[in-house]
Amino acid sequence: MLKAWLIFKKDLQQEFRTRYAINAILLFSVVTLTAVSFAIGAFSADSDILSALLWIILFFSSMSGLSHIFVREEETHTSDTLKLVSPATSVFIGKLFFNLFLLFALEIITVPLFIAVMNLEVINPSLFILVIFLGSLGLAAGGTMVAAIISKAGAKGALFTILSFPILLPVLISGISATKKAVTEPLISPAASELQALIAYAVVITTASILLFDFVWNE
Amino acid sequence: MKMEREIILIQNILKIVLFIWLVLVIIGAFMYAPTAKGLGEFTRVLYFHVPMAWITVLAFLLSAVYSILYLKKKEIRFDHHAEAANQLGILFAILATVTGSIWAKMAWGSFWNWDPRETSIFILLLIYAAYFALRSAIEQEDRKAALSAVYSILAFVTVPFFIFIVPRIYEGLHPDVVGEVVKASDKKMVMGPRILLVFLSSLAGFTGLFVWMVKMKFDLIKLKLKINELEK
């Protein structure tokens with residue numbers, strides 16, 4: 001666990017030296033948000049479409065940045081050293097934390113901007129934040145694992161999205177559905193099954209990834 | 001040598017039995033079984049659609065099992081087996097999608113409705129496509145095997161979400177298939193004894209066909225690996 005923390009700190013420092021991933025992911029989300037906003041306009045879309053659009057923006061923005069964490073290790077040939085100094089599991093957890101951090105940074109900027117630009121009225125803000133939080137856990141867990149696979153496959157750009165989409169789709173489906181409810185209904189209880197799905201997904205994928213990561217990392 | 005000849009003989013007999021069985025199933029599906037109450041002639045696609053969907057799941061399960069075996073034993077033949085299962089799986093997934101789509105057009109009025117089961121078969125097709133895309137992107141044999149095995153297992157882990165959770169969020173159009181077969185008294189479709197007979201023998205027949213196809217694939221893999229060894 002300590003090693004995972006150290007790897008997280010190392011990645012954070014490295015990130016702030018170049019700021020590549022965070023710039024890419026933020027600019028990407030702003031660009032898509034602008035495109036969507038231009039296409040739809042502020043007052044013409046209802047909450048169903050808006051909550052779907054929010055998740056599409058979040059999904060594709062995260063696709064533009066989450067793979068960087070492992071691809072960088074392969075590009076700079078530092079993965080062998082990393083293998084020597086720490087066990088695979090803590091590498092995975094460290095990288096997972098970093099991707100989570102990246103996603104939260106993305107959401108802190110994109111989500112308020114989206115609400116402001118698209119004129120979205122959120123009736124149940126606490127449920128809304130909870131859904132975004134749980135969704136990020138799922139996105140980060142699935143995305144990090146696929147990123148590890150991709151980095152060993154020679155980091156073919158489009159492959160990351162293709163491989164991630166079927167794996168991350170449960171998050172998108174339940175996230176969109178729960179966001180709709182957060183936007184339209186004042187109570188949490190109607191969204192219970194979506195929240196269960198999001199929690200279960202995050203737990204299952206994280207566990208499976210930790211078990212499988214060893215085979216990818218030491219390949 | 002004599003043993004081998006006997007095995008080949010038994011296999012040939014089984015092949016002929018399978019052929020006759022499937023011919024009977026097809027004839028039975030069109031001639032023997034009555035149409036379900038309240039529904040038209042198009043219900044006959046049931047005898048082909050459901051077995052296809054069942055085999056798709058079976059193939060997917062098989063490839064997950066071989067992927068786990070590969071990661072445990074690191075023998076290249078398990079990777080080839082997983083790939084073969086996926087190749088057959090994608091074939092049956094396409095067949096299930098096409099037959100299902102025709103049925104949907106007749107029963108619900110449009111070829112595609114994003115019903116939960118339609119969604120899950122579509123995702124399955126996407127997963128298969130991604131699996132083969134991943135395989136074609138990697139050159140090294142053992143790396144290709146390990147990464148695609150990991151991806152296969154990861155994808156397999158997400159499947160329960162599509163089967164159990166998506167239907168709870170989106171209203172489905174499909175009748176409850178499992179309950180239908182077990183209780184044979186579903187509200188949407190009543191399965192009479194003749195329908196059930198043809199349906200179950202169709203299920204058995206197509207499963208037999210699948211087993212035979214898998215066996216051919218595996219024999220082919222064995223030969224290929226032997227040739228590779230001899231070349232070395």
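Reply: A helix is counted here as a DSSP run of H or I with at least four residues, and a strand as a run of E with at least two, both numbered from the N terminus. In this predicted model, chain B has 7 helices and 0 strands, so that its elements, read from the N terminus on under that definition, run α-α-α-α-α-α-α. Of the 232 residues in chain B, 34% are buried, and among its contacts between residues at least 6 apart in sequence, 73% join residues at least 24 apart.

Turning to the meeting of the chains, 28 residues of chain A are in contact with 25 residues of chain B. On the side of chain A that touches chain B, the elements giving two or more residues are α7 (125–152), α8 (157–184) and α9 (192–217) of chain A, and the largest share, 11 residues, comes from α8(A). The residues of this side of chain A divide into 20 nonpolar, 4 polar and 4 charged.

Two of these elements also pack against each other. Two packed helices are described by the angle between their axes and the distance between the axes. For α7(A) and α8(A), the angle is about 175° and the axes are 9 Å apart; because angles over 145 degrees count as roughly antiparallel, α7(A) is roughly antiparallel to α8(A). Where they meet, α7(A) contributes residues including L127(A), F128(A), G135(A) and I150(A), while α8(A) contributes residues including L159(A), F160(A), G175(A) and A182(A). By class, this contact of α7(A) with α8(A) has 16 nonpolar, 7 polar and no charged residues.

Terms used
Residues are numbered from 1 along each chain as its sequence is written. Chains are lettered from A and ligands numbered from 1 in the order in which they are written. This is a predicted model: local features need pLDDT of at least 70, side-chain atom pairs count only at pLDDT 80 or more; totals for chains, interfaces and linings use all residues. A residue is buried if 20 or more other C-beta atoms lie within 10 Å of its own, exposed if 12 or fewer, and partly exposed in between; C-beta atoms are placed from the backbone. Two residues are in contact if their C-beta atoms, placed from the backbone, lie within 7 Å. Ala, Val, Leu, Ile, Met, Phe, Trp, Tyr, Cys and Pro count as nonpolar, Asp, Glu, Lys and Arg as charged, and the others, Gly among them, as polar. Axes are lines fitted to C-alpha atoms, for helices over the stretch in contact, and angles run from 0 to 180 degrees between N-to-C directions. Angles under 35 degrees count as roughly parallel, over 145 as roughly antiparallel, 65 to 115 as roughly perpendicular and the rest as oblique.
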